[in-house]
Amino acid sequence: MKNTIKINSIKELTKAIGDQIQKRKSEKKSVLTVSAGTCGQARGSLGVIKALKKEIKKENLGDKVKVKISGCHGFCEAEPNIIIHPQDIFYQKVQPQDAEDITSQTILNDKIIDRLLFSDPVSGRAVQNEKKIPFYKKQKRIILGDNALIDPTDINDYFSIGGYNSLIKILSKMTPEDVIETVIKSGLRGRGGAGFPTGKKWEFTRKAKGGIKYIICNADEGDPGAYMDRSLLEGNPHRVLEGMLIGAYAIGAEEGYIYVRDEYPLAVEHISLAISQAEKLGLLGKKILGTNFNFQIHINKGAGAFVCGEETALIASIEGKMGEPRQRPPFPALKGLWRKPTNINNVETWGNIPLIIENGADWFAKIGTKGSKGTKIFSLVGKINNTGLVEVPMGLTLREIIFDVGGGIPEDKEFKAVQTGGPSGGCIPKELLDLPIDFESLTEAGSIMGSGGMIVMDENTCMVDVAKYFLNFLRDESCGKCLSCREGTQRMWEIVTDISEGKGSKGEIEFLTDLAESVKDSSLCGLGQTAANPVLSTIRYFRDEYEAHVKEKKCPAGVCKELIQYLIIEENCTGCLACLKVCPQEAISGELKKVHVLDQSKCIKCGACYEACNFDAIKIE
Amino acid sequence: MEAETQKVKSFISKYNKEKRALISILQDIQAEYNYLPQEALRLVSESLGIPLIDIVGVVTFYRAFSLEPRGKHIVTVCLGTACHVRGGPKILEEFERRLNIEAGGTTEDGEFSLETVACLGCCAIGPVVVVDSDYYAQTTIRKVNSILKKYSKKEN
Amino acid sequence: MINLKINNLDVKAEEGWTILETAKFYGLEIPTLCYNEGLSPYGGCRLCLVEKGEGPNAKLVSSCTYPAEEGLIVHTDTERVVKTRRMMIELMLSLAPNSKVIQDLASKFGVKQVRFKIRNEECILCGLCVRMCKEQMDGRAIGFQNRGYKRKISTPFDIRSEECRLCGGCIYICPACQLRCQGPQADTAVCNACLTMDPTCLDHYDELQCWMYDAGRCGTCIRETPKKKSDSKKQASKSKPKEKHA
């Protein structure tokens, strides 16, 4: 970072931001923005960047083109992807060996490389422009969109998209009460799961008695399948910092904490770097921009406990204790961290704040539905063609998200259910696909919005297995304090496991429902109170599957090991020996070009043969 | 053990001996030694004035901490919902078979520890396996052996 | 004074009282297990649950920890409360069927069956021993470890603790240790008419036997060396009782 001179006044910051915006506008070079979040890197984007830089140097193109590292663009299926500005070309699944073609053809000769273009699975046509790609069409990427424009390790790049303008606005034109009023009017609700009106929470904390107050950014993102917070922290950390600055000003806090989970090393790296850059420039610390506003941020890393995503458990963890939730009241807004008034918000919630301040409450309130304003980022994963992070206005239907944006189910399989809200949520079946997504409608359907995880399941997913999976997760992650949650999740898991193994007896489903409802009613914290949701929602919509396991001892989806068999389809078997070679139990015998035989008594149902067969000669029954 | 004591003391003083920094101190010690030696915990208890039983409670509560020495290479298989739906458990079973240990254990020669994690946030490229800090996307049962071989070869 | 309603009765509470303390003051009964007047409230056994509020937003909360608030409406024995209370007792019975305290609760609240697999762990993790050691005896020898279904109470590293002064406070306060029930047989696990018996372990067994020991929880009084991993996996087995006269 070149500019390390401290910014001492609002005027100086305005100039610094203006300079960077101008610099971006007058950029003459083509910019190759490469996606390099955790997933992009896992798929080799760093290698792509290296290769591109090498080519540029080799061909002496330094004055025509430059490479920019950015965070996650959201279209994970296409990673590593490159967006070329100003031509607006989107190349997907780029490999280092493509670097030469990109520089020689596209940069030098304005030629599009067709093989790198995204191909629409429905129409079959190649799409060149990022915005025309069906994945992006129905999205409204007010938060995530900027990930594709900036280098997250450079604060100047954040300035160049107008970053920290909202900070200037509040310090020069708004009182803390004005800020809270704006957030209340916008209708923003917490994006972490509960959906509590953010402005109201800020108001409670501001009004609470006491001089010392804290704000916390909950970046624990424990829901399996949800990673939008990771993407935001990796790709645009300054937006979160700016949101926290605005919140601290409004509430009257001088210290803030970001609690990031341990499993996100790149996010920790980028947010730490962002904080140190902001400190160097004087945007964090004492007397920010020459005003009386002081604010500093500390980072606390999680240590591998899902329950620490719960407010009071998170507070206990920052205090250096076990992550045990505690009774509310008193609520954190009155007595939180070290018994002082504390406001906790999710990363995505903080990310919305600068935009609301910049564009106004009315702008935000126009997006979404009556009860749920703004956009929501969902992580669309599982059995879906276009896996990725999807930001849509509240009110879009599930069908639109899964089929229009997500591109439907791979291999033309049948959609079965979509699981929302993580382990605290439930499964929504195909009858409810036209449900508009907002807080209330999801709760009525027996699920919750949660942090936005959306796991799509097809005909080969067994719902009893899904319930078993979530209960196994919950019994391990439960803090263990209250009997109902600790024993309840363990016993529910035991019963569902028995059912999945064909050991379920008559009346067991009813007993399971009773137990689930008791756990829901009697637990101390959100984890226990919602632990029953996976069970109750799968029984509600897929009772026939449970009954098949109990009465007929069959698993219709072909998943539960004890109830299925792997069989060789003789007509399709070409005798290629592929399955034989991978079987760990040597349960398959046969010779080259002769139909193979599977010995059921040795089979451990590992699935290796099914994976290895290229001729559809193995089936699961 | 004088050098070790000094090192642990340096982690503690880095946080000004504040009780609230317990978890951060433990994370530093774990990163240094690949586990939490009992002597280190007793030292932390003395220096910070926190009863040993409370420290052990914190250590055993959080998954990131280990009281037993872990292997040279840590294999982490993601069992998040998306990876589960894409066949993550079968990948774990293959690792268990190849390494001859159960999830949570360490091989006898101290080379590999096998762990699971609920979600790494890389759901799009699942099933995901991480070895040390290397991420492996779209793992299949067949790829397991070649992944393990990479790390055994490194020794030779 | 704080004004609230318990079971449609107008009651007044002092500042800082919990619902349970208020109810006790008025002689209203709410069953408890992990609550003890001399120790800080914990809220872990979920037996003291009461229904707060009315209508669709009514919630069950633990009365031993919930503060008395102005205008609060509380009901101690609605259908929802009783149903949940019975489920909690059923869960506890499956863990510690030999505890007279829990068997008495089962008799009192009409729990007639245990539909869970009996685990015989003898410890319901109510935490009374931990709080006794910490708050009354200032021992800090035992505490909670692990989380979720693996949670247990033990000494640091499962070996003899230097902090333990062998005061016996933990054994004294433990509801599972207190009174042993000799009535139930393994297949029923519920005794609806219990036989009275002597209160302490020492009068009943050949050796000093705290049930925590066998279950691999706390080895303070007996063990000097750490238990081997295989031992803790063994089912809790009863030691030979003295020759009983029925």
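User: How far apart are the centres of domain 1 and domain 2 of chain B, taken over C-alpha atoms?

Analyst: This is a predicted model, and in it 29 Å separate the two centres, taken over C-alpha atoms. The bounds come from a domain assignment: domain 1 of chain B covers 2–61, and domain 2 covers 73–155. For scale, the C-alpha trace of chain B spans about 50 × 35 × 25 Å along its principal axes.

User: What does the secondary structure of chain B come to?

Analyst: Chain B has seven helices and four strands. Their order along the sequence reads α-α-α-α-β-α-α-β-β-β-α.

User: In what order do the five strands of the open sheet in chain A lie?

Analyst: The order is E12-E11-E15-E13-E14, and the pairing is mixed. Strand E12 (388–393) and strand E14 (426–429) each have a single partner strand, so they stand at the edges with one side left without a neighbour in the sheet. From one strand to the next, the twist averages 30°.

User: In which sense do E11 and E12 of chain A pair?

Analyst: Strand E11 (residues 375–382) and E12 of chain A pair in the antiparallel sense, over six bridges. At the residue level, Leu380(A) has Gly388(A) in E12(A) as its bridge partner.

User: Which residues have the most contacts inside the largest nonpolar core?

Analyst: The general idea is that nonpolar side chains tend to be buried together in soluble globular proteins. In this model the largest nonpolar core has 294 residues. Those with the most contacts inside it are Met492(A), Val535(A), Cys609(A), Met92(C), Ile124(C) and Cys129(C).

User: What does Val535(A) touch, not counting residues up to four places away in sequence?

Analyst: With those set aside, Val535(A) touches Ala467(A), Leu471(A), Met492(A), Val496(A), Leu512(A) and Ala516(A). Met492(A), one of these partners, is itself among the residues with the most contacts inside the core.

Terms used. Residues numbered from 1 in each chain as written. Chains lettered and ligands numbered in written order. Predicted model: local features only at pLDDT ≥ 70, side-chain atom pairs only at ≥ 80, totals over all residues. Helix = DSSP H or I, 4+ residues; strand = E, 2+ residues; numbered from the N terminus. Pairing = 2+ DSSP bridges. Axes fitted to C-alpha atoms, helices over the stretch in contact; angles between N-to-C directions. Core = buried A, V, L, I, M, F, W, Y, C linked by C-beta atoms within 7 Å. Buried ≥ 20, exposed ≤ 12 C-beta atoms within 10 Å, placed from the backbone. Contact = placed C-beta atoms within 7 Å.
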